[in-house]
Amino acid sequence: MKNDQPEKQTPPDDLLLARFVQTKDEAAFRELVERHSGLVLGVCTRVLHSRHDAEEAFQATFMVLAQKADRIEIKSTLGPWLYGVAYRVALRAAQKRARRREDTLITEVMDKQDVFADLTDSHWRAVLDDELNALPKKYREPLVLHYLLGKKNPEIAAELGLTVRTVEGRQRRGKEKLRRRLALKKISLPLAVATLGSASQSLEAATLETLVESTVQASLSWVAGKELAAGYEGAVSLARPEVVAMQSSMIPAAVLASVLIVAGATFGLAGEKGAKAGSTGEEASAVKLAGDDASPAAKPLKDVAVQLAAATTEVSTPIAEPAKTQAIGYNPFSDAGKNYLAYLPRTLRVSERRIYETLEETLTSSLDFQEIPLNQIIDVISEEYGFTIVFDRPALEEFAISEETEVTIKLNNLPLKSALNLMLAQVEDLTYLVKNDVLLITSQDVADSYLETRIYDVNPIGLNSDAITKVLEATVEHDSWSVNGTGEGMCEPISNGLISISQTQAVHERIAAFLAELEEQVEGR
């Protein structure tokens, strides 16, 4: 007879974590350890190749969790956070073992306790962990949840607070980055993932009950300040530096918040904006800075503080003074946004403003190249249009992209910006930033992680700045805003028709075009 009873739902990680923080609920902590035991022991074993050392790192990882539980902010699942901690702890254990040199390499390889007998497969799995941890958080998380925890995309989307489409996009880009990085080490991504799967099965077959129980008791005793039984000294020595590192990473956030308030006061913005910077919202941003995974809210805070602090010494005219630049076309296929450049920040250096203006100019001559190295074409453009273009070589090297890649292109009667975008699209994942008085050709990933904070004067539009803020977040690159749970951008009305926006340069460009078109539409009514 079919059982129609609904399956019992276990609380998600965030609720279990909150229960442990509030009441030191041992059952909640034990559930978290049991739930993620395979993930944590897996990465520890892949890095260390020794069951004893892996178990010690396993215990240290959950000791860190118990100690820092009140500082962890997660959407729903704890898996990606624990994966990062376990990887760092295991690396620290490997470094300590290398210094001790108590056992020879041959002994480690032949260790019968090692669950991975095949050295080649073990090497592939370790390299995959290395490269997976080198990915930005937004690409690493969905891959960890999929490959290491076996979750489906709808489940991943729910746990990370993203749309399924966003998860799928990040997985595609993350896998492509992994494929390139592994290719540099002569390792196939599909084969590495396949061996990872077989490793997980081996780990699941192992009995973890004793290890889980001892880890729970040791972790709770350590966080309570009780004396631990003999045998846990190694785990404590691995956990303590991680806890200290997380604690020290909290300091810059508080400093940045203070700088933001001071800088806002210098601009006469401390009333409303400064109050918000000192509120619990910014305190939460500071908390999210723990470990190596700074939250989406924390990065814009840093950019705001740095840019506003710098602007207090660079800006010689009040920010509210109207000063618009000569209009130059924004889109070659539309007359909308003719005043796009008027919304560039007034703190922009003259050389950088000139680059933006030149990018909007129609090509002075056609770009007609047949299988010519990209760097040679860039030299021609740089000389013809009179501004410096450089390659971000570390970014290109990271993804094995050569600036000498041959390009075939034939374009005319387009803005230089459009032609440049079409040309760079032929070379893997390249784009550009206007930065440090040059146009920097870099990877899309670098561009996506580089947030700028700009102050927009929307008084000429004649609409409420709060309403404009909501419209921008809803219509201009919806997935790029932190308020929508999918991006890192932040948009905040200040006062007197001013809006502070932290976004990538590409999104700032779309915002400026949108505001310019909105202004035209309002004026035309």
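Predicted model: local features only at pLDDT ≥ 70, side-chain atom pairs only at ≥ 80, totals over all residues.
**Helix 1 against helix 2**

I started where Asp13, Leu16, Leu17, Arg19 and Phe20 of helix 1 meet Ala28, Phe29, Glu31, Leu32 and Arg35 of helix 2. I sorted these contact residues by type and got 6 nonpolar, no polar and 4 charged.

Next I looked up the geometry of the pair. The axis of helix 1 (residues 13-23) comes within 8 Å of the axis of helix 2, and the two cross at roughly 140°. Helix 1 and helix 2 are therefore oblique to each other. I noted the crossing of helix 1 past helix 2 as left-handed.

**Helix 2 against helix 4**

I stayed with helix 2 (residues 26-35) and checked how it packs on helix 4 (residues 51-68): the angle is about 140°, and the axes are 12 Å apart.

Which residues make the contact between helix 2 and helix 4? I found Phe29, Leu32 and Val33 on the helix 2 side, and Phe58, Phe62, Leu65 and Ala66 on the helix 4 side. This contact counts 7 nonpolar residues, with no polar and no charged ones. Phe29 and Leu32 were already on my list for helix 1, and here they are again facing helix 4.

**Helix 8 against helix 9**

I wrote its crossing down as right-handed.

From helix 8, the contact uses Glu141, Pro142, Leu145 and His146; from helix 9, it uses Ile156, Glu159 and Leu160. By type, I have 4 nonpolar, 1 polar and 2 charged residues in this contact.

I found an open sheet of 3 strands in the order 6-8-7, with antiparallel pairing. Which strands stand at the edges? They are strand 6 (451-457) and strand 7 (490-493); each has a single partner strand, so one side of each has no neighbour in the sheet. From one strand to the next, the twist averages 15°.

A reminder to myself: strands of a sheet pair through backbone hydrogen bonds. For Met490, I found the bridge partner in strand 8 to be Ser502.

Helix 23 (residues 465-475) lies across strand 7 and strand 8, and it runs at about 170° to strand 7.

Last, I looked up the confidence. The mean pLDDT of the protein chain is 74, and 71% of its residues reach 70 or more. Where is confidence lowest, and where highest? The lowest is helix 16 (residues 280-287), with a mean of 36, and the highest is strand 2 (residues 389-391), at 96.

For residues 250-338, pLDDT stays under 50, and the model has 141 contacts for them beyond four places in sequence.

Key. Residues numbered from 1 in each chain as written. Heavy atoms only, no water. Pairing = 2+ DSSP bridges. Helix = DSSP H or I, 4+ residues; strand = E, 2+ residues; numbered from the N terminus. Axes fitted to C-alpha atoms, helices over the stretch in contact; angles between N-to-C directions. Contact = heavy atoms within 4.5 Å. Left-handed = near helix turned anticlockwise from the far one by under 90°. Nonpolar A, V, L, I, M, F, W, Y, C, P; charged D, E, K, R; others polar. pLDDT = per-residue confidence, 0-100. Parallel < 35°, antiparallel > 145°, perpendicular 65-115°, else oblique.
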